[in-house]
Amino acid sequence: MHLNLSLMTPGHFRTAWRLPHADPVAHLDIDHFTRLARIAENAVIDAVFLGDGPAVHGDIADAPGTGIDPLVLLGHVAALTDNLGVIVTSSTTYNSPYNLARRFQALDHVTKGRAAVNIVTTGTSAAAANFGLPQHPDKDTRYRRAWEFLDVVTRLWDGWEPDWLIADKDSGRYADPTRIHGIAHRGEFFSVAGPLPVPAGPQGRPVLVQAGGSEGGLKLAGDFADVVFTVAQTPSKAVEFRHDIRRRAVGAGRHPDDIKISLGVVVLVADSDAEAAARAERLYATLPIERLTAELLANLGLPDGAFGPDDPISAYDLPKAAPGRAFSSGFNASTRALIAERPYSPRQLVHRSAGGSGHRLLVGSAERVADDLQAWLAAGAADGFTIMPADTSVDLENFATQVVPILQRRGLFPQEYLAPTLRERLGRTLGVG
């Protein structure tokens, strides 16, 4: 399997800052992230990941925002490590393709092939006012723009042929301009001439990561993604999703192994199952359950106040289709699949998804966590996992130092870095380069 670690701080329980040991401003402390990155590299983790959004989060009254710009933060992390990949979240809605292509090509050069961009379309409507837009584009528009955006970016990355360099010192001939190509793109959203000012980095292209469960997101994944970051509460839903993405890759003229599925899992690891359960209870107690219940009902398309925190929701209560106002189609589908198995109350759903993150919460000893990940991998649910610590100040190190060695002993994860670039290491999961 491949393994990425999320550096989200204070954790994927966003209210973990309320715990006695927690630093409420750790998400602004570069020394905190440096420590985490070194722990991750010592554990041979493939890459570290940081989510982001170009606006203050709506829940800032209850929890910290995403923090420092991830390109700056993870660029610093990459400079202090030798092998660790960095996955930087960037928005196609609030960026230009030429600038993004150039920035990440530069990051690929300076990291010697460890750069990845996590492409999002931004679901936060507050971002529009920060970029001079009268309103946030609707989902269909955002995904049409994203498709054109990635088409431009990937063509720019491919603009220099491998044999562009002449470097004949006697004649003074440095490069062959016929091997350097513009793209002369004119589309619905962008007009870009190209080419980029420098050739491709060590990976050819930086790794493209994408997340999105709507039809637009799935098409984007099938056409462009190297890694799809996804959510699932049940193995059957995860297996179904992986098959669908691989089918879409084939439909786009690609090999199904060209795309790796990285399943997000929120982990809480302790020395024993009992200690882990006790820690989970302390985290549950920090949650603003009334607000999270209201958000959950809205995302499921249920009326505000229709269910209290402890009222069971059954499959019969759900609308036939996900509501247009759902924040995430993937989270909605994952939660609906869980409710299809049996009724759950909003409190149970919030707890099971680490405070409403949508991702599955996995609580237990290192052995239990390793067993669970191995079982999901064996079921064909994913090619690997993006590990999302419940309380980053505790669970990232616990996972790296307690769970990873178990996976290594079982032959499920390497004991050393086997290739210099992130792209090559991700290819390892299915034996392809």
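Author: A crossing of two helices is left-handed if the near helix is turned anticlockwise from the far one by less than a right angle, and right-handed if clockwise. The model is predicted, so local features need pLDDT of at least 70 and side-chain atom pairs pLDDT 80 or more, while totals for chains, interfaces and linings use all residues. Residues are numbered from 1 along each chain as its sequence is written, and side-chain values use heavy atoms, without hydrogens or water.

On the helix 1 side, Ile30, Phe33, Thr34 and Ala37 make the contact (heavy atoms within 4.5 Å), and they meet Leu73, His76 and Val77 of helix 2. This contact holds five nonpolar residues, two polar ones and no charged ones; Ala, Val, Leu, Ile, Met, Phe, Trp, Tyr, Cys and Pro count as nonpolar, Asp, Glu, Lys and Arg as charged, and the others, Gly among them, as polar.

Helix 6 (215-224) and helix 7 (235-251) form another pair. Their axes come within 8 Å, with a crossing angle of roughly 60°. Helix 6 and helix 7 are therefore oblique, and the crossing of helix 6 and helix 7 is right-handed. Glu215, Leu218, Lys219, Ala221 and Gly222 of helix 6 touch Phe241, Asp244, Ile245, Arg248 and Ala249 of helix 7. By class, this contact has five nonpolar residues, one polar and four charged.

Helix 6 and helix 7 also reach the second largest pocket, each supplying at least two residues of its lining, as does helix 10 (329-341). A pocket is an open set of points on a 1 Å grid where a 1.4 Å probe fits, with protein on both sides within 12 Å along at least five of seven lines; lining residues have an atom within 4 Å of a point. Of the 17 lining residues, Gly213, Lys237, Ser329, Gly330 and Ala333 lie nearest the pocket centre. Helix 10 gives the most to this lining, with six residues. The lining is made up of five nonpolar, seven polar and five charged residues.

Technical notes
Helix = DSSP H or I, 4+ residues; strand = E, 2+ residues; numbered from the N terminus. Axes fitted to C-alpha atoms, helices over the stretch in contact; angles between N-to-C directions. Parallel < 35°, antiparallel > 145°, perpendicular 65-115°, else oblique.
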